Amino acid sequence: MNIRKKAAHEAVLVCRHFPNDTADEMRRIVEAGGVIEDVVVDHPLYGQLKATLQIRDIGDVNLFVAKLKQQSAHLLSELTDGVHTHTIAYDTPVQLAAIQATLRAAGYLYEDHQESDK
């Protein structure tokens with residue numbers, strides 16, 4: 001049994017991307033040292049919809065993407081024009097900065113648009 005210690009910190013990051021960018025977004029997060037705890041969307045009718053993910057490494061990313069393709073499933077973020085949040089677990093502020101930087105570089109971090117959308 002593989003027991004993993006719980007990360008020291010958590011942050012909620014707002015992201016936006018197309019469905020075909022999902023694997024890249026997830027890989028960027030785990031390669032920078034983060035764990036994708038969940039995904040949440042704010043649906044206009046149903047309110048907050050949340051799914052637990054627990055994506056910890058590249059193997060988990062590949063499994064998620066394989067299931068997505070195999071089941072021809074739709075992502076929660078497709079309900080909200082790609083906008084969603086992830087609770088990200090991490091151990092050090094350096095990891096969080098790296099996660100934010102790699103998401104920002106790919107154009108997935110939605111921080112710059114939050115104020116103009118209100």
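Student: Which strands does helix α3 lie across, and at about what angle to β1 does it run?
Tutor: Helix α3 (residues 93-106) lies across β1 and β4 (83-90), and it runs at about 5° to β1. Here, axes are lines fitted to C-alpha atoms, for helices over the stretch in contact, and angles run from 0 to 180 degrees between N-to-C directions. Contact means heavy atoms within 4.5 Å. Do keep in mind that this is a predicted model: local features need pLDDT of at least 70, side-chain atom pairs count only at pLDDT 80 or more, and totals for chains, interfaces and linings use all residues. Residues are numbered from 1 along each chain as its sequence is written, and side-chain values use heavy atoms, with hydrogens and water left out.

Student: OK, back up a bit. How many helices and strands does the protein chain have?
Tutor: There are four helices and four strands, and along the sequence they follow the pattern β-α-β-β-α-β-α-α. Helices (H or I, at least four residues) and strands (E, at least two) are DSSP runs, numbered from the N terminus.

Student: In what order do the strands sit in the sheet?
Tutor: The open sheet has the order β1-β4-β2-β3, with antiparallel pairing. Its edge strands are β1 (9-16) and β3 (47-55), each pairing on one side only. From one strand to the next, the twist averages 20°. Two strands pair if DSSP finds at least two bridges between them.

Student: And what holds paired strands together in general?
Tutor: Strands of a sheet pair through backbone hydrogen bonds, either parallel or antiparallel.

Student: How many bridges join β2 to β4?
Tutor: Three, with the two strands running antiparallel. I36 has I88 in β4 as its bridge partner, and V35 stands opposite A89 of β4.

Student: Why is β2 described as largely enclosed?
Tutor: Because eight of its nine residues are buried, β2 is largely enclosed by the rest of the structure. Buried means under 20% relative accessible area, exposed over 50%, and partly exposed in between (1.4 Å probe, protein chains only). β4 is mostly covered as well, with seven of its eight residues buried. For the protein chain of 118 residues, the buried share is 38%.

Student: Is A89 buried or exposed?
Tutor: A89 counts as buried because its relative accessibility is 3%.

Student: Switching topic: what volume does the largest pocket have?
Tutor: About 270 Å³. On a 1 Å grid over the protein atoms alone, a pocket is an open set of points with protein on both sides within 12 Å along at least five of seven lines, unlike a cavity, where a 1.4 Å probe fits but cannot get out; lining residues have an atom within 4 Å of a point. Grid points are joined across faces, edges and corners, and a volume is the space filled by probe spheres set on the points.

Student: Which residues are the closest to its centre?
Tutor: L53, F64, H74, L75 and L76, out of 18 lining residues. α1 (22-31), β3, α2 (58-70) and β4 each supply at least two residues of that lining.
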